[in-house]
Amino acid sequence: MNDFLLEIYGEEIPTSCQSLMKSQFRLIFESFFLKEKISFSELEVYSTSRRICILAKQLLKKKNSKKTEIRGPRTSANEIALDGFMRSNNVKDVKYLKKKIVNGKEYFFFHKELTDKKIEEILLINIPKILNDIKWKKSMRWSSFSEKWIRPIKNIFCIYGEKTIKFNYAGISASNFFYGNYHYSTNQIKCRNVDSYKKKLKEKFVEIDGEDRKKNIYKQLDNFCKKNNLIYKFSDTLVTKVSDSVEWPNIFFGKFDETFFNIPDFILETIITEKQDNFSFRKKNNELSNFFAFVSNKEFSKKDKLISGNQNVLKARFSDAQFFLNEDKKISFSERYAKLSTIVFYDNLGTLQDRSERISDLCKIISKLISYNIGRYSKNLVFSNIDLTTEVVKEFPSLQGQVGGYYAKLEGLDSELCDAFACQYKNTINNKKINISVILSLAQKIDSIFGFFSTQKKISGSGDPFGVRRNVLSIIKILIENRISLNLNILFEECGLIYKKQNIKERVDLTIVFDFFNKRTEGYFIEEGYNHSLVRANLIEKIINPFESFIKVKKLDNFLNSHKGKFFMSAFKRLNSITENSAKISSVVESIFQVKEEKKLYSEIKKLRLQIKKNEDNDNLEIYARIAKPINDFLDNVQVNVTDEKIRKNRKNLLLECRNNLNSHYNFSLLDN
């Protein structure tokens with residue numbers, strides 16, 4: 001058993017492509033090995049900013065010998081024809097041939113044993129085909145080669161055991177050497193086996209494992225923070241991105257001029273992290289520090305020049321931000337609100353000013369539905385989108401909302417409303433209480449969702465300009481986490497009225513909206529650990545109220561795991577198994593009941609129907625537990641298929657009515673065993 005290693009080395013690979021690239025490599029090679037019946041003990045895929053590498057350990061080809069029957073000339077043919085057939089199949093004596101009659105004529109046949117090709121032969125033939133199957137979001141060709149890759153390939157290193165697999169791809173012949181970090185050396189590195197590959201790479205300043213690069217970055221940042229009494233709060237996504245942009249993560253630390261602290265912290269941090277892919281730090285009191293850090297492939301001997309260059313870039317970026325802020329402050333709120341009327345929100349959905357008014361109206365409707373006094377915020381709600389007219393948001397789109405909150409504070413608006421402007425686009429707002437931030441966030445997302453479905457467009461993989469998936473999931477989270485019972489059906493109906501008031505034609509099929517919400521709600525509950533059939537058993541009503549659905553799911557889950565719940569489900573399964581789903585039910589005739597079990601079951605059904613209608617089951621599920629015994633008693637003691645047709649039909653109707661009533665609030669028939 002030998003190890004296999006393939007490395008494609010070339011020009012800079014974008015960080016956004018590396019995750020997809022690695023997953024494709026793994027999937028394609030796994031499929032290839034499976035198809036060729038080649039087993040392996042472990043499959044590793046690595047990438048850096050310059051290379052992609054796949055390592056398969058202990059490859060073993062399963063023997064798969066086959067025999068094939070080759071037909072030769074007829075037995076009556078001359079010796080020349082027979083000799084030619086024997087030579088072409090390397091048969092030395094006619095005794096190795098068989099005779100067989102086909103369609104009334106006798107022929108010579110040779111039974112040839114086919115043996116599998118060696119692994120190195122299979123790799124040699126198939127690797128170029130595999131590389132051609134890699135799909136990039138954007139690819140390129142170079143020179144006169146027809147093959148495409150994310151960036152021009154400079155070298156291919158490929159070995160199996162100690163043998164070089166010498167194939168050709170994109171004008172490059174695979175070899176038994178590779179390169180280290182080009183910032184340190186451009187010499188070829190010879191390698192005869194997989195074991196020495198990673199070791200030799202490290203010696204030449206390449207850490208092939210992205211997770212190890214991340215650990216290295218975190219370690220250096222931690223050490224710096226401890227030494228300077230600082231903390232950091234940047235995301236793991238940023239560390240991954242930075243890790244993927246280098247081969248050897250050297251971290252350098254610099255400072256920016258404290259005079260830039262007159263710019264809001266959130267803008268400074270956005271410039272540092274989003275625009276420059278650098279790291280920002282905070283002091284122990286949570287104030288922003290003027291320290292920053294960046295990662296580079298380059299060696300420490302160039303430290304001063306690198307730090308100076310990055311400080312100058314930040315200085316220029318901060319100066320631009322200061323200019324945008326000064327320009328924005330020259331325009332009043334009322335002027336900005338007027339500007340919204342000149343910007344189209346989306347085709348046939350009005351202007352941004354129309355949208356601002358819709359959001360304001362929705363805030364008032366939501367407040368009324370959940371009994372929240374919105375009074376003091378009412379007149380200023382229309383300013384929620386004015387930051388879309390600012391220079392700062394044009395330059396930093398990710399700061400939409402935060403910029404509005406900042407300018408609202410400068411304008412002297414209520415601090416809670418300013419906070420609401422700032423966080424209205426967040427995916428979750430977990431305040432544990434209802435406030436204007438929650439209401440504005442819901443209104444903004446509801447309008448986006450209704451607007452999208454009004455366009456009657458379909459969501460594709462990348463075609464979601466309104467962020468509908470994200471907004472729906474966000475609404476579900478906000479309502480559940482803040483324990484808000486809100487009937488969204490009413491809101492969508494109100495959206496339609498608001499659109500009509502603005503003379504905007506809306507064509508929303510609310511059934512599609514309900515189904516879309518239900519699928520996302522189901523996904524959310526499943527991620528929370530609930531069984532999919534349990535969730536579906538709850539989502540049977542055409543009412544979108546995520547918090548109430550969550551309560552129902554949680555309550556039913558607790559009930560089904562209790563002794564009474566298990567007893568009830570045992571009885572229900574018996575009932576469900578003998579009733580026909582397609583059967584038509586007619587009225588149960590109480591006067592022809594013959595036994596006490598019929599009467600008792602029907603009495604419990606009527607109680608159940610009444611209590612469900614009154615929503616008394618919102619307190620407990622005792623009503624379901626109580627009916628279990630009457631069901632079992634009926635099924636144990638009453639014969640349904642009696643000779644009397646009226647009684648037989650009446651008993652079938654009784655069972656159907658029992659099942660249908662039980663399924664009216666929770667669909668127990670959908671529950672898995």
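**Notebook: helices, a sheet and salt bridges**

I looked up T270 and found that T270 touches K275, F396, S398 and L399, leaving out residues up to four places away in sequence; contact here means heavy atoms within 4.5 Å. The model is predicted, with local features needing pLDDT of at least 70 and side-chain atom pairs counting only at pLDDT 80 or more, while totals for chains, interfaces and linings use all residues. Residues are numbered from 1 along each chain as its sequence is written, and side-chain values use heavy atoms, without hydrogens and water.

T270 sits in helix 7. I took helices (H or I, at least four residues) and strands (E, at least two) as DSSP runs, numbered from the N terminus. T270 counts as buried because its relative accessibility is 7%; buried is under 20% relative accessible area, exposed is over 50%, and partly exposed is in between (1.4 Å probe, protein chains only).

Strand 14 is joined to strand 16 (residues 279-283) by 2 bridges, and I231 stands opposite R282 in strand 16.

Next I checked helix 2 (residues 79-88), where L82, F85 and M86 are buried. They lie on the same side of helix 2, because they cover an arc of only 95 degrees around the axis, the arc being that of the directions from the helix axis to the C-beta atoms. The face turned away from the buried side carries the exposed residues I80, R87 and S88. Just after helix 2, N90 takes a positive phi of about 60 degrees.

Last, I went through the salt bridges (a side-chain nitrogen of Lys or Arg within 4 Å of a carboxyl oxygen of Asp or Glu). By this rule I have 33 salt bridges. K198 pairs with E44 at 3.2 Å between the closest N and O atoms. K198 is in helix 4 (residues 195-203) and E44 in strand 3 (residues 42-47), 154 residues apart. I noted E44 as buried, at a relative accessible area of 9%, and K198 as partly exposed, at 32% relative accessibility.

Which side chain meets R51 in a salt bridge? I found E247, at 2.7 Å from N to O. Both R51 and E247 are buried.

Terms used: Pairing = 2+ DSSP bridges.
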